[in-house]
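I opened this entry to look up the charged side-chain contacts of the structure. The notes follow in the order in which I made them.

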Amino acid sequence: MKTGNEFASSSSAARLAALKASLEKHKIDAMFVTDEINVRYLSGFTGDSSFLLVTPDDTRILSDGRYTTQLAQECPSIPTAIRLSNKAMIDLVAEQIAPLGDMRIGFESSTVSVAMHTALQAKCGSAKWTATVGVVEQQRLVKDAGEIGLIRNAIYIAQRAYQSVVPKLRPNWTELEIAHEMESTMRVLGAEGVSFASIIGSGVSGALPHYRPRSVTLADTASLLMDFGAKYQGYASDITRTLGNQQAAGSAFSGVRATVSDKFKRAHAAVLEAQLAAIDLMAPGVPAKEVDAVAREVLSKHGLAEAFVHGLGHGIGLQIHEAPRMSAISEETLAAGMVITVEPGVYLQGEFGIRIEDDVLITEGGREVLTSLGKGLDDCTLMM
């Protein structure tokens with residue numbers, strides 16, 4: 001597993017240069033970055049309550065005294081403007097922007113409140129403020145080599161945790177205990193934490209796509225849906241496997257009385273077929289909605305289209321859900337460097353839920369499935 005600071009291999013200078021080169025396309029002269037994830041992406045700074053002011057000739061981090069040392073360590077090449085304890089952040093912003101005159105300054109409309117926008121207009125001289133949507137996020141669509149390496153590490157940790165926890169499962173374990181054991185194991189293996197709260201759904205609870213684990217034991221459970229991911233140096237992984245007990249009741253290999261039905265087995269095979277068909281289509285230049293459509297066509301063939309109630313997948317990176325999205329209404333086209341989940345599911349309320357999810361890198365020649373856990377029902381056997 002690779003190690004090292006995320007910016008050792010991923011140059012913030014290159015990212016800032018790309019942003020500066022895009023300013024004219026967005027009809028702005030400068031960019032005021034307030035989203036903490038975007039600040040981190042562009043600068044390498046992992047703290048909060050800080051902004052970036054990017055002009056064609058300069059970049060400056062606006063922060064406060066709590067982060068003086070951290071800023072020097074994490075992004076020493078970027079000048080800083082530090083707010084004193086007796087000054088409001090908006091006044092520091094005004095000091096930095098007022099000298100720019102009547103520049104057209106783009107602001108991130110998703111993170112600047114109406115109150116903040118009003119204050120910016122009132123305090124920042126003759127600057128012309130322009131609302132922008134997704135300027136930095138568009139850059140984040142395609143991952144560089146350093147980012148891909150960190151995502152690989154996050155996947156490696158999550159898979160190791162799964163391989164460690166599943167053999168330990170016993171009928172008296174609860175869904176919450178499994179979730180906690182997964183998180184603890186990921187941290188021991190080097191994760192900074194989970195990339196999202198693990199979804200551990202036994203039996204009928206697996207039919208709730210965003211179920212929250214409870215103090216419910218596995219007991220007579222025939223199936224278990226496990227959706228989990230690790231965060232490594234800010235980058236996320238996202239994997240789902242659905243396990244089923246196929247051992248004969250009372251066998252020497254299983255203390256679980258309930259076994260999955262033939263209906264479950266057929267549905268699991270259909271979900272896997274849909275996922276493999278979707279992955280096989282993924283390549284640069286393919287519209288994301290076409291990949292989603294292929295998975296739905298397979299499930300429709302098996303009479304399960306209406307049980308697939310969400311989009312096929314989403315990008316992962318510094319956030320667990322980011323662009324591109326793969327759904328029937330997606331407008332993005334796949335490009336080399338994107339890392340996207342592929343997660344078809346079937347949810348039959350009151351019966352069971354099945355989801356199979358892998359993380360896929362779009363390459364110049366097609367795709368690479370970054371996750372490697374077995375996913376057929378014979379590979380995902382619930383033996384306790």
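I counted as a salt bridge a side-chain nitrogen of Lys or Arg within 4 Å of a carboxyl oxygen of Asp or Glu. The model is predicted, so I note that local features need pLDDT of at least 70, side-chain atom pairs count only at pLDDT 80 or more, and totals for chains, interfaces and linings use all residues. Residues are numbered from 1 along each chain as its sequence is written, and side-chain values use heavy atoms, with hydrogens and water left out.

I looked up R241 and found its side chain in a salt bridge with that of D358, at 2.7 Å from N to O. R241 belongs to strand 12 (residues 239-244) and D358 to strand 18 (residues 358-363), so the pair ties together parts 117 residues apart in sequence. I took helices (H or I, at least four residues) and strands (E, at least two) as DSSP runs, numbered from the N terminus. Both R241 and D358 are buried; I used buried for under 20% relative accessible area, exposed for over 50% and partly exposed for in between, with a 1.4 Å probe and protein chains only.

I then noted that D358 also forms a salt bridge with K375, at 2.7 Å from N to O. K375 lies in the segment after strand 19 (366-369), 17 residues from D358. The relative accessible area is 1% for D358 and 15% for K375.

Last, I looked up K123, whose side chain meets that of D91 in a salt bridge of 3.2 Å, N to O. K123 is in helix 6 (residues 114-123) and D91 in helix 5 (residues 89-97), 32 residues apart. K123 is partly exposed at 42% relative accessibility, and D91 is partly exposed at 29%.
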